[in-house]
Amino acid sequence: MPHPFRSAVTVAVAAVWAVTTPASAPLMERGWTWPTAPVQIVRPFAAPAHASGAGHRGIDLAADGAVRAPADGVIAYSGTVVDRGVLTIDHGDGLVTTFEPVESALRPGDAVTRGQEVAEVASGGHTAEGAVHFGVRLDGDYINPLLLLGGVPRAVLLPCC
């Protein structure tokens, strides 16, 4: 059975929604940029019900080549995990990003700047062909990357009757 979110959802980079929750406001103020262009989400973040539960701990973005650093940082890991290339960037303040499947010439300890090309999209893993998985951890816990990119829409309550 196909995943209900496999169809592409195009997100215009200029369309930045307001996030009204105070806890996410400091994250948005960090000035992160999208790691791919144009931006097209092919699978959204799906938080698990509990720490070891099923979910999708990141977003999958259509990508036809370059993957760019969303913020300044230092390469924490660059290598192969099982059948796919993985690149991890430590941005400080407990924020770490991971991209897969990718190929990168960067090595642990290399400094990167926001917008710098850090990898090329590859194949393997659980991500659809032509897409890259973008995960973000804050103090070891996965969070929705859209909290840093301004892409979380405001909740709207509708009348029940």
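**A walk through the model**

Guide: F99 is buried, and F134 is buried too. Keep in mind that this is a predicted model.

Visitor: How many aromatic pairs does the structure hold?
Guide: The structure holds one aromatic pair. The ring centres of F99 and F134 are 5.1 Å apart and the planes are at 5 degrees, so the pair is stacked. A pair counts as stacked when the planes are under 30 degrees apart.

Visitor: Where in the chain do those two sit?
Guide: F99 is in strand β7 and F134 is in strand β11, 35 residues apart, so the pair links distant parts of the chain.

Visitor: And how do β7 and β11 run relative to each other, parallel or antiparallel?
Guide: β7 and β11 run antiparallel, joined by six bridges. Strand β11 covers residues 131-138.

Visitor: Is β7 mostly covered or mostly open?
Guide: Mostly covered: six of its six residues, 95-100, are buried.

Visitor: Which residues of β7 point which way?
Guide: L95, T97 and F99 point one way, while V96, T98 and E100 point the other way. Both sets are buried.

Visitor: Which residue is the bridge partner of T97?
Guide: I89 is the bridge partner of T97 in β7. β6 and β7 run antiparallel and are joined by five bridges.

Visitor: What sits between β6 and β7?
Guide: The two strands form a hairpin with two residues between them.

Visitor: Is D93 buried or exposed?
Guide: D93 counts as exposed, at 60% relative accessibility.

Visitor: Which other residue has a positive phi although it is not a glycine?
Guide: D139 is one, with a positive phi of about 50 degrees. D139 is found in the loop between β11 and β12, where β12 is 141-143. D139 is exposed as well, with a relative accessible area of 62%.

Visitor: How far is D139 from G92?
Guide: In space they are 9.9 Å apart, C-alpha to C-alpha, and in sequence they are 47 residues apart. G92 lies in strand β6. With a relative accessible area of 27%, G92 is partly exposed.

Visitor: New topic, cis peptide bonds. Where are they?
Guide: One of them joins A37 and P38, with omega about -10 degrees. P38 lies in the loop between α1 (25-28) and β2 (40-43). The peptide bond from E100 to P101 is also cis, with omega near -10 degrees. P101 lies in the loop between β7 and β8. For background, most peptide bonds are trans.

Visitor: You mentioned β8. What sheet is β8 part of?
Guide: β8 belongs to an open sheet of three strands, in the order β4-β10-β8, with antiparallel pairing. β4 (66-68) and β8 (102-103) stand at the edges with a single partner strand each, so one side of each has no neighbour in the sheet.

Visitor: How many bridges between β4 and β10?
Guide: Three bridges, with the strands paired in the antiparallel sense. β10 covers residues 117-121. Within this pairing, V67 stands opposite A119 in β10.

Visitor: Last one, the surface. Which residues form the nonpolar patch there?
Guide: Y77, V81 and V82 form a nonpolar patch, with about 280 Å² of accessible area together.

Visitor: Where does V82 lie?
Guide: V82 lies in the loop between β5 (73-81) and β6 (84-92). V82 has a relative accessible area of 75%, so it is exposed. Exposed here means over 50%.

Note on methods:
Residues are numbered from 1 along each chain as its sequence is written. This is a predicted model: local features need pLDDT of at least 70, side-chain atom pairs count only at pLDDT 80 or more; totals for chains, interfaces and linings use all residues. Side-chain values use heavy atoms; hydrogens and water are left out. Two strands pair if DSSP finds at least two bridges between them. Helices (H or I, at least four residues) and strands (E, at least two) are DSSP runs, numbered from the N terminus. Patches are made of residues with over 30% relative accessible area and no salt bridge: like charges are joined within 9 Å, nonpolar side chains (Val, Leu, Ile, Met, Phe, Trp, Tyr) within 5 Å. Accessible areas come from the Shrake-Rupley method with a 1.4 Å probe; for residues, only the protein chains shown count as cover. A salt bridge is a side-chain nitrogen of Lys or Arg within 4 Å of a carboxyl oxygen of Asp or Glu. Buried means under 20% relative accessible area, exposed over 50%, partly exposed in between (1.4 Å probe, protein chains only). Rings of Phe, Tyr and Trp (its six-membered ring) pair if their centres lie within 6.5 Å; planes under 30 degrees apart count as stacked, over 60 as edge-to-face and the rest as tilted.
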